[in-house]
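This briefing concerns a predicted model.

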Amino acid sequence: MARRDVLLGITQAETTKPDRQATAGYATRGASRSMLSSIGELAAQAAKAERLLEGETVVDLDPGLIDDSFVSDRMDDDDDDETFSELVAAIEERGQDSPILVRPHPTKNGRYQIVFGHRRARVAKQLGKPVRAVVKELHDRDHVVAQGQENSARANLSFIERAVFAQNLSDLGHDRETIQSALAIDAPMLTRMLSVTKRIPNGVIHAIGAAKGVGRDRWLDLTLLIEKPSNLMKAEELVETEKFKSAATDDRFNLLFNFLKTSRKPKKGARASPNAKSWSLAGKSISVTTKDTGKAFTVALKAKDASRFGAYLSENLEQLYRAFRELEEKQTGD
């Protein structure tokens, strides 16, 4: 196997510390350092999942008897993905090279639950073939750790898919240590991931999709934009538009990000409200702007006499209002 000896037994005590330190995460900055770190991380995590299969009996199972994992690790159905099509062609041509890992279903007798290998199981079902599998008793914790580590080995899950997987595990009650083991991340990175999934509504995240070309930092930037209540409403409206839905997943992220970023600033040359008026008095000694919304009327004064004239108006408002009422009563009486 290409990844032989890349996944260390999940059922071994997790107290055994690896020689390496946990990487800081899924960085898009410091690309060279992160790439080297990620290569070592992926090799180590691949080893842990692979060893779960070593020495185990491989059996042929009917794909119709196999259910998905109880926690999803992917956001998009990628059956139309080019890589999935290549997998279909490869298995059809030479068979399934590596088995999937399943466990006896915890609540349904005679059925199985996938730990990892969802795509291979779907290919077998699509081709009408049995799926080669290792059946192993695993508790929920070992299940999710193995699933997460095998995902890390594939290295094709995006930042937001990993973050959503972490949030799903948290929602299911798994502790931070388990989630960090599953994703091979440290505590600060887990905090960053959960800050994104907690601050951006789940509906908006899933409307955007996997966004495989968008890294951690851009998602963190989006959380800052979307935190404002007015921007949240705008985001929820935008993701329902046909233009947004018809775009590719990376483009959907960019559409939303750019929309919220530019909507914070007033557009240059924007037209004034039709109820706003401006004029000058006494040879431009005072510039007056008024705005009438129906419920409020505002007056703004500018230029050299603005301060003194404004003070005069304030001091004489009572007298001016009485004169206004007297005029109204007189006109009504007439």
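Glutamate 161 and lysine 212 join their side chains in a salt bridge, with an N to O distance of 2.9 Å. This pair connects distant parts of the chain, 51 residues apart: glutamate 161 belongs to helix H5 (residues 159-171), whereas lysine 212 lies in the loop between helix H8 (202-208) and helix H9 (216-226). Further details follow by topic.

**Salt bridges**

- Glutamate 161 has a relative accessibility of 2%; because buried means under 20%, this residue counts as buried.
- Arginine 103 is buried, at a relative accessible area of 4%, while aspartate 140 is partly exposed, at 38% relative accessibility.
- Aspartate 217 makes a salt bridge with arginine 216, and the closest N and O atoms of this pair are 3.2 Å apart.
- Aspartate 217 counts as buried at 9% relative accessibility, and arginine 216 is buried as well, with a relative accessible area of 11%.
- A network of salt bridges links Asp67, Lys108 and Arg111.
- The count of salt bridges in the model comes to 10.

**Nonpolar cores**

- The largest nonpolar core holds 39 residues, of which Ile160, Ile200, Ile208, Trp219, Leu222 and Leu256 touch the most other members.
- At least two residues of this core come from each of H4, H5, helix H6 (176-183), helix H7 (187-199), H8, H9, helix H10 (229-238) and helix H12 (249-263).
- Helix H5 supplies the largest share of the core, namely 7 residues.
- Leucine 256 contacts Val204, Ile208, Leu222, Ala235, Leu238 and Phe244, when its neighbours within four places in sequence are left aside.

- Three strands form an open sheet in the order S6-S7-S8, and their pairing is antiparallel.
- Strand S6 (276-281) and strand S8 (297-302) are the edge strands; each has a single partner strand, so one side of each lacks a neighbour in the sheet.
- On average, neighbouring strands of this sheet are turned by 15 degrees against each other, direction ignored.
- Strand S6 is joined to strand S7 (residues 286-292) by 6 bridges, and the two strands run antiparallel.
- Alanine 276 stands opposite lysine 291 in S7.
- Helix H13 (residues 306-315) packs on the sheet and touches S7 and S8. The direction of helix H13 makes about 145 degrees with that of S8.

How values were computed
Residues are numbered from 1 along each chain as its sequence is written. This is a predicted model: local features need pLDDT of at least 70, side-chain atom pairs count only at pLDDT 80 or more; totals for chains, interfaces and linings use all residues. Side-chain values use heavy atoms; hydrogens and water are left out. Two strands pair if DSSP finds at least two bridges between them. Helices (H or I, at least four residues) and strands (E, at least two) are DSSP runs, numbered from the N terminus. Axes are lines fitted to C-alpha atoms, for helices over the stretch in contact, and angles run from 0 to 180 degrees between N-to-C directions. Contact means heavy atoms within 4.5 Å. A salt bridge is a side-chain nitrogen of Lys or Arg within 4 Å of a carboxyl oxygen of Asp or Glu. Buried means under 20% relative accessible area, exposed over 50%, partly exposed in between (1.4 Å probe, protein chains only). A nonpolar core is a set of buried Ala, Val, Leu, Ile, Met, Phe, Trp, Tyr and Cys residues joined through side-chain atoms within 4.5 Å.
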